Amino acid sequence: SVATINDWPWLYWQQRYPQATAIDTGDETLSWQQLAERINGYANGFRRQGVKPEMVVALRSRNGLQAVQAWLSLLACGARVLMLNPQLPDTQLNQLLPGLGVAFALSIDAPPVPQVLPLNLTTAAGRANHPWQRNALATLTLTSGTTGLAKAAAHTFDAHLHSAAAVVGLMDFTPRDRWLLSLPLFHVSGMGIIWRWLSAGATLVIDRSQDLSAALARSSFASLVPTQLWRLLNQSALPTSLRAVLLGGATIPSELTTQAEAAGIRCWCGYGLTETASTVCAGRADGSGSAGKPLPGQEVRLVENEVWLRSPTLAQGYWREGALQPLTDEDGWLHTGDLGHWRQGELCIDGRLDNLFFSGGEAVQPELVERVLLGHPAVTQAVVVPQVDSEYGHRPVALVAGEIDLEKLADWAAPQLTNYQHPVAWLPLPQLAGEGIKPSRHRLLAWLSDRK
Ligand code: 4YB
């Protein structure tokens with residue numbers, strides 16, 4: 001059973017298990033007592049500098065102990081925290097931030113945020129405590145935004161804790177477990193780890209060494225995108241301390257989970273979005289390629305194959321010019337833009353509506369082609385994008401990561417593809433700077449057209 005948190009979670013656990021380990025960085029462990037004291041100190045430091053409840057405060061940092069402490073301390077002030085990808089260039093921040101009404105910005109080991117009042121991470125004495133309000137807005141999270149400006153999904157504490165409780169219950173994440181902060185805090189997948197840790201009163205493992213396999217050796221749970229798990233399997237660097245891995249964010253090839261399970265890793269497959277504060281559906285990998293069943297509280301409908309969601313974990317809206325803009329229809333449904341189908345009560349994701357393109361009058365759903373390519377054991381990532389073609393309108397181009405000769409891959413894939421699905425060019429997937437947790441099709445398209 002999952003605890004009902006009715007106070008700031010770190011105070012809740014400090015009351016019950018003051019000496020239990022809250023955070024382990026490898027060099028340093030912090031008990032709930034110590035963590036609560038640090039948060040209190042930093043929160044007072046922020047208040048001294050003018051941070052007030054309901055202000056939007058941006059945090060620009062890589063993952064690390066300081067980032068986690070600052071993030072929690074800003075929440076403790078009643079501020080709404082906007083976590084930024086430290087790789088986002090100033091040009092994009094300058095477009096994005098004015099509409100979000102950011103009052104202050106804290107940069108940790110990163111350049112200051114332009115045109116926003118800076119904050120310092122300093123402690124001050126005092127006992128002032130902003131009251132815990134479960135229904136208050138806590139976070140603004142930028143969507144990956146296929147095109148145009150990213151939107152800032154605004155979530156309450158309640159939405160995050162609801163999401164966390166469902167995953168904690170499903171995966172049996174206990175206070176004795178240790179979840180590695182294995183994905184960025186600026187993305188819901190990283191933030192989800194924080195709320196599960198806080199919900200369960202477990203240990204958060206933080207690692208700055210960039211050595212995923214060493215960090216996993218200190219952890220029992222981790223969230224990974226499929227590429228991360230492929231790399232681990234290929235390095236045959238699988239730690240035995242792992243009890244479970246939650247996969248998500250993109251198509252999860254059954255080839256991957258079958259190999260990982262054979263290597264002794266319990267894989268869970270999840271489906272989620274920024275707007276839903278991470279996981280909506282999840283289940284144990286069974287080789288079927290599904291993303292599992294809806295979690296408690298999640299309503300999932302397919303309308304003309306599109307996934308619609310209604311859920312207590314949905315954002316209250318997109319934050320813009322000091323107000324919330326609706327993200328659902330009048331009946332509260334979010335139209336995700338994802339295509340799906342049911343298989344034995346489990347949701348299978350087939351791709352995104354807006355990725356579909358036409359080649360000589362035939363509809364190409366890139367994700368279907370990608371799934372075929374990902375079926376090759378040496379392929380760790382595959383993105384298929386349309387290239388403009390005077391005769392066909394568009395034709396598919398395959399961008400592939402993995403230790404494989406691309407001509408051989410083309411031969412291997414050919415019998416599994418319909419003629420109009422055949423990529424007309426095969427290229428190594430470029431690593432573009434400043435990416436989030438997955439490659440951006442939009443940016444890959446731009447990259448492709450710049451090449452010519
Ligand atoms: C999928 C997909 C799937 C998302 N198959 N397409 O805690 C977690 O749930 C978690 C664990 C490990 C890795 C990631 C996560 C996430 O939260 C992922 C959430 C996410 O990716 N949000 S997003 O806003 O950046 O993108 C959402 C989109 O990603 C969806 O609309 C889908 O198109 C795609 N996606 N899970 C196929 N299992």
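Two strands count as paired if DSSP finds at least two bridges between them. With that in mind, look at the open sheet in this predicted model: 8 strands build it, in the order 6-5-3-4-7-8-18-19, and their pairing is mixed. At its edges are strand 6 (117-118) and strand 19 (323-325), each of which pairs on one side only.

## Helices across the strands

Helix 3 lies across strand 3, strand 4, strand 5 and strand 7 (137-142), and runs at about 180 degrees to strand 3. Helix 5 (residues 157-171) lies across strand 7 and strand 8 (152-156), with an angle of about 80 degrees to strand 8.

## Domains and their contact

Now to the chain as a whole. The protein chain is divided into domain 1 (9-132), domain 2 (178-353) and domain 3 (356-451). Between the C-alpha centres of domain 1 and domain 2 there are 25 Å. Their contact draws on 21 residues from domain 1 and 19 residues from domain 2.

Which elements of domain 1 each supply at least two residues of the side that touches domain 2? They are helix 1 (9-16), strand 1 (21-24), helix 3 (65-76) and strand 4 (80-84). Sorted by class, this side of domain 1 has 12 nonpolar, 8 polar and 1 charged residues.

Key:
Residues numbered from 1 in each chain as written. Predicted model: local features only at pLDDT ≥ 70, side-chain atom pairs only at ≥ 80, totals over all residues. Domains from an automatic or database assignment. Contact = placed C-beta atoms within 7 Å. Helix = DSSP H or I, 4+ residues; strand = E, 2+ residues; numbered from the N terminus. Nonpolar A, V, L, I, M, F, W, Y, C, P; charged D, E, K, R; others polar. Axes fitted to C-alpha atoms, helices over the stretch in contact; angles between N-to-C directions.
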